[in-house]
Amino acid sequence: MLLMWADGETSPEVISHLARCDYCRNRANAVAIEKRHLEGILFRAECPSSIELGEFHASLLPANQAAEISTHVASCPHCALELVQLERFLIDTEPREQSDFVGPIKERVQVLIAKLAGNLSQGLQSPAFAPAFAGVRGAGDTPMVYDVTGEMQIVLDLQASGESPGSLDVLGLVTGLGQPVETQAHLWQEGQWIAAANVDDLGNFLFASVSPAQYDIILSAPALEVHIQELELEKD
């Protein structure tokens, strides 16, 4: 039950007991500390090293080892992102006069940074959330509006989670993507991938039961990435 509490999946009865019982509260805090310690040790324990990923990117590995890493990368968002970052680093440091083949690669992914324009309480105009998620919005909320381009906006709305006390549901709406494309929203914290959510045909996405902290959100579509940086999720 304490492990479930450390994962944010406990019952109201356990939370109530911990608020009253110093002994169990101390045990719970010790379990949470040990859990974070083990996660730090075991994080990406089965991933290839950065050197191996670099050699894989440069096609320097034997065929059998390259095939194993290729299979791993296909199912590991951490290694996939590390390879993307490596490719971008190599592109950025390549001399322009020697980059005849780099141009097409550089055009594969356009990276845009979303800028916070404000929230709806400041009189900003924003489209209403589409029907798919409209029912989860609370009254009196003030969604945040991010400008991406002249046509594209991202609206984020934070609501107390009904499933995990102390957590938040992050509801997003993307407008101005143009023709429907396959888009995913990814939640990151301090360089670690936390969760992914599909963006539906109406532009909605949802991260459920997120602990209050600072995050980055990356919207990933073919040939396009949109970054929301240093998003502070705070519970009122």
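This tour visits a sheet, a helix pair, a pocket and a cavity in turn.

The model is predicted: local features need pLDDT of at least 70, side-chain atom pairs count only at pLDDT 80 or more, and totals for chains, interfaces and linings use all residues. Residues are numbered from 1 along each chain as its sequence is written, and side-chain values use heavy atoms, with hydrogens and water left out.

**The sheet.** Select the open sheet of 5 strands, whose order is β1-β10-β9-β6-β7 with mixed pairing. Strands (E, at least two residues) and helices (H or I, at least four) are DSSP runs numbered from the N terminus; two strands pair if DSSP finds at least two bridges between them. Next, colour β1 (110-113) and β7 (192-198): each stands at an edge with a single partner strand, so one side of each has no neighbour in the sheet. From one strand to the next, the twist averages 20 degrees. Then show β6 (residues 184-189), which runs antiparallel to β7 and is joined to β7 by 6 bridges. Within this pair, Gln184 has Asn198 of β7 as its bridge partner.

**The helix pair.** Select α4 (residues 50-57) and α5 (residues 63-75), whose axes come within 10 Å and cross at roughly 105 degrees. Axes are lines fitted to C-alpha atoms, for helices over the stretch in contact, and angles run from 0 to 180 degrees between N-to-C directions. α4 is therefore roughly perpendicular to α5, a term covering 65 to 115 degrees. Display Glu52, Leu53 and Phe56 of α4 with Gln65, Ala66, Ile69, Ser70 and Val73 of α5, which make the contact (heavy atoms within 4.5 Å).

**The largest pocket.** Centre the view on Ala6, Asp7, Lys35, Ser211 and Tyr215, which lie nearest the centre of the largest pocket among its 33 lining residues. A pocket is an open set of points on a 1 Å grid over the protein atoms alone, with protein on both sides within 12 Å along at least five of seven lines; a cavity is a set where a 1.4 Å probe fits but cannot get out; lining residues have an atom within 4 Å of a point. The volume of the largest pocket is about 1100 Å³. α3 gives the largest share of the lining of this pocket, 5 residues.

**The cavity.** Finally, select Met152, Val174, Leu177, Thr183, Leu219, Ser220, Ala221, Leu224 and Val226, which line the largest cavity. About 40 Å³ of space lies in this cavity. β9 supplies the largest share of its lining, 3 residues.

How values were computed
Grid points are joined across faces, edges and corners, and a volume is the space filled by probe spheres set on the points. Angles under 35 degrees count as roughly parallel, over 145 as roughly antiparallel, 65 to 115 as roughly perpendicular and the rest as oblique.
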